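Here's a walk through one protein model, from overall dimensions down to a few charged pairs and a loop. Have the coordinates open as you read.

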Amino acid sequence: MSRHLYTNSHSRRAGRTAAAAAVALAAGLGTALPATAHAAGAAEAAEVLIPAPDAFGEGPEKILATGRYGVLHREGEDYLWTNSYNRRTRVVTELAGVPEELLVGGHDEHNRAIYTQQRADGGTDIVRIGIEDPAFTRTSTVPAHYLNLRFAGGWTIATVDKGDGTYEMRVPRGGDPSEDPLVRLPAGATTDAEPVVLGAQGSEAVIGYRLADGSPGYGILTGYDGRVKPLPVTGDASSFRITQMNVSWFSRNGSGGQGVRILPRSGTGTPKVVPLATRSPDSEVTAFVVEDSIVWHEGLGGPLRLTPHAGVDTERTLLPTVEFAQLRAEGYGGVLALGKGADGKRAIHSFSQDGSGTVFDLVMREVPGVKTADGEIGALSLDRGRLRYVNSLVGKDTLHGKAVGTGLDPAEGDRLADFPGLAAGRFADGTDEGLARLVTDPASGKDTLVTGDAPEPESEGLLLPGTSGRILDASPEFVLYESGGRQYVVDIARDLVVRDQRAQGAALAGDRLYKSAPGKPGTVNVVDPRSGRATASHDLGVDCVPSELQVSGSLVYWSCASRDAAGVYDTATHRDYPAPVSRVLLGDRFLAARDASGDLRLTALRPDGSTGDLGAVTGLKPPTDDDGRGTTWTLDPAAGKLAWVGTDDTIHVTAPQQAASPPVVTHSAVPATADGEWKAAWWLSKPVASWQVTLVRRSNGETVRTWTGEDTRGTVRVSWDGASASGDPVPAGGYTWRLTAAPADGSGDDVTASGTLRVTAG
């Protein structure tokens with residue numbers, strides 16, 4: 001049974017505050033605690049925290065450099081390193097304060113972050129930080145006359161002004177400048193003031209220059225001696241890459257037509273041409289050789305594609321959209337890319353070929369979103385291990401759900417389905433059919449009751465008599481609905497309104513309706529909603545008519561707000577407990593009351609008639625209705641759990657009361673006879689972890705059938721075709737059935753029930 005409101009007009013009548021009654025109820029309570037206290041004498045309480053869902057947009061992400069074992073990237077103000085072996089991310093504190101424009105991009109096989117610093121003498125310091133291994137951290141110096149430094153791998157290449165309007169390339173190594181290798185370009189080739197460095201791996205780098213006829217030329221530079229080996233490039237070319245095995249580039253000119261040229265690292269022979277099916281004849285193509293495949297894209301924002309040139313892989317799309325891609329040059333080549341996968345998630349991906357010969361995708365880091373709007377909790381309910389909560393976000397209300405466990409302590413579980421557009425009082429958990437919710441019929445404007453845990457129901461629902469109404473209570477087979485000063489009991493098993501009464505103190509408990517008797521002050525009647533027949537009557541011993549009732553097990557909370565009178569009556573022991581007249585919810589042998597300060601005072605209601613201090617909850621979000629029940633706090637009337645919303649819109653689910661009641665069979669529908677078919681149902685007061693129903697032949701004690709089940713929230717159903725376990729029809733005669741169920745919270749004995757059955761056909 002769900003208790004998520006009780007904020008109707010009757011409980012809001014003017015009257016004194018609950019402060020005096022709360023003091024009487026919780027006499028002797030200590031200082032308010034910063035969070036929900038556990039039952040007195042129990043261990044520290046478990047707690048489930050559920051933040052209000054916020055709105056997030058795409059966060060900033062920039063890849064700065066790659067290493068053999070990771071990637072240097074930036075999110076916001078921090079420089080981050082995410083490694084490839086366990087995909088953990090850490091802040092590179094050594095780069096704090098370094099301007100991004102001073103960082104050196106590209107790939108470094110020693111996993112170093114590299115940046116430059118200008119010296120007062122005009123020279124440059126190159127700072128290398130060993131991220132994976134501090135042994136690689138060092139600073140080298142470059143003289144002032146070395147210009148336009150370029151970096152590739154572990155190499156630095158610069159130009160020197162010869163004083164005659166021409167330049168030469170040098171490879172500064174951080175020592176005596178006279179020992180720095182001079183780059184020996186092919187005969188007649190020259191360099192501009194800014195060197196062209198296209199990539200590096202190991203001891204070699206790919207560079208560009210101008211041939212004697214002014215056309216572009218390209219070659220492989222050996223860094224330690226300055227030798228240059230020309231590459232057979234024809235016409236315009238781009239996407240130069242060098243790996244341990246190959247040199248490659250993309251060109252639309254020369255023999256073989258448009259495609260990627262692949263040449264062995266030795267730089268000899270004729271390049272292999274791998275055609276690419278570009279979508280445009282003049283698009284900018286970025287391509288990488290990853291062992292037996294080409295990974296490539298056109299421009300930015302399009303797909304990252306794979307075209308095999310050998311091996312077993314097939315042509316396919318790796319990412320629907322790509323923002324950035326860079327070679328990780330170790331081995332046969334790998335590619336690191338920033339883009340969105342098929343699931344729409346933005347992430348840093350690493351692509352390399354595995355032992356089977358196919359390129360696989362390693363998601364190194366999903367890009368965290370940036371919060372664009374704060375969520376706000378507007379309503380919540382708690383019922384037998386299910387938490388429901390309405391979150392308002394960017395003008396839209398959504399009902400979310402989360403399993404919070406059926407044990408004594410809450411435990412975060414699976415997410416439940418989302419429902420759009422619900423508000424406080426328009427939903428309730430606790431029916432056999434799942435969530436009950438009110439939607440507006442577009443034709444008539446009246447409320448329609450829809451049940452089920454799927455956002456798209458199988459039926460259109462039941463049209464109700466009222467408009468803009470509220471669900472006051474729910475039980476496995478009934479919903480109590482109020483609108484326009486009238487209350488209606490809806491039989492959801494039969495889709496009928498079975499009771500219509502004026503608004504009054506009323507509550508559902510299993511298959512019974514508890515209601516105040518307007519003509520008999522102090523009397524609470526219990527009726528069968530379907531027949532209207534009174535099944536019990538309880539005398540509260542007061543001379544007022546309760547305007548509010550709540551029921552939990554044998555306990556009944558009543559409040560006569562107009563008379564400043566309230567209490568809790570135990571229908572089993574006939575004991576009374578004091579209670580505030582408003583802002584109260586009744587749980588399993590405990591009471592939660594919101595006092596004048598806004599705190600929740602928690603009190604145990606012991607079977608011997610005494611009360612116990614369960615502490616207090618502070619830091620609640622202030623309600624907009626001066627009540628808060630069902631909007632900022634609620635509890636489960638069939639369990640010891642409480643849910644409340646903090647000032648930061650985080651929901652806290654705790655267990656202040658662990659002296660939980662054992663489960664009982666609240667009611668049942670078990671036919672006494674069977675003629676080839678038998679359908680039985682038992683409704684339990686709380687969830688059970690397992691159950692068993694046995695059918696025994698009375699004449700010889702033989703067990704003819706056994707049914708078992710797991711994890712039911714409150715209903716056990718058995719359907720029998722009259723056959724034994726072997727499949728043969730059982731003989732006619734007398735049988736005994738027995739139900740046994742183990743409580744999910746482990747408290748108390750197993751619930752048991754038994755009865756007789758006469759089989760009339762064998």
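For the charge count, Lys and Arg are taken as positive and Asp and Glu as negative, with His and the chain ends left out. Each charge is placed at NZ of Lys, CZ of Arg, CG of Asp or CD of Glu. On that basis the protein carries 74 positive and 94 negative side chains, and the centres of the two sets sit 3 Å apart.

Some ground rules: this is a predicted model, where local features need pLDDT of at least 70 and side-chain atom pairs count only at pLDDT 80 or more, while totals for chains, interfaces and linings use all residues. Residues are numbered from 1 along each chain as its sequence is written, and side-chain values use heavy atoms, with hydrogens and water left out.

**Overall picture**

The fold has one helix and 65 strands (DSSP runs numbered from the N terminus: helices are H or I with at least four residues, strands are E with at least two). Along its principal axes, the C-alpha trace spans about 115 × 70 × 55 Å. The radius of gyration is 38 Å, whereas a compact globule of 762 residues would come in near 27 Å; the radius is taken over C-alpha atoms, and the globule rule is 2.2 Å times the number of residues to the power 0.38.

Of the 762 residues, 53% count as buried. Buried means under 20% relative accessible area, exposed means over 50%, and partly exposed is in between (1.4 Å probe, protein chains only). The protein exposes about 31,700 Å², with carbon and sulfur atoms supplying 49% of it; areas come from the Shrake-Rupley method with a 1.4 Å probe, and for residues only the protein chains shown count as cover.

As for contacts (heavy atoms within 4.5 Å), take those with a sequence separation of 6 or more: residues 24 or more positions apart account for 46% of them.

**Salt bridges**

The structure holds 45 salt bridges, each a side-chain nitrogen of Lys or Arg within 4 Å of a carboxyl oxygen of Asp or Glu. Here are some pairs to look up:

| Pair | N to O distance |
|---|---|
| Lys 62 and Glu 100 | 2.5 Å |
| Asp 108 and Arg 112 | 3.0 Å |
| Asp 313 and Arg 316 | 3.1 Å |

What does the Lys 62 and Glu 100 pair tie together? Lys 62 lies in strand E3 (residues 62-67) and Glu 100 in the loop between strand E6 (89-91) and strand E7 (107-108), so the pair links parts 38 residues apart in sequence. Lys 62 is partly exposed at 44% relative accessibility, and Glu 100 is partly exposed at 24%.

In the next pair, Asp 108 is buried at 3% and Arg 112 is buried at 10%.

**Around strand E37**

Gly 445 sits in the loop between strand E36 (434-440) and strand E37 (447-451), and is partly exposed at 32%. Setting aside residues up to four places away in sequence, Gly 445 touches Thr 440 and Thr 467. Its C-alpha is 18 Å from that of Val 497, 52 residues away along the chain.

Thr 448 lies in strand E37 and is buried at 5%. Leaving aside neighbours within four places in sequence, its contacts include Arg 437, Leu 438, Glu 460 and Leu 462.
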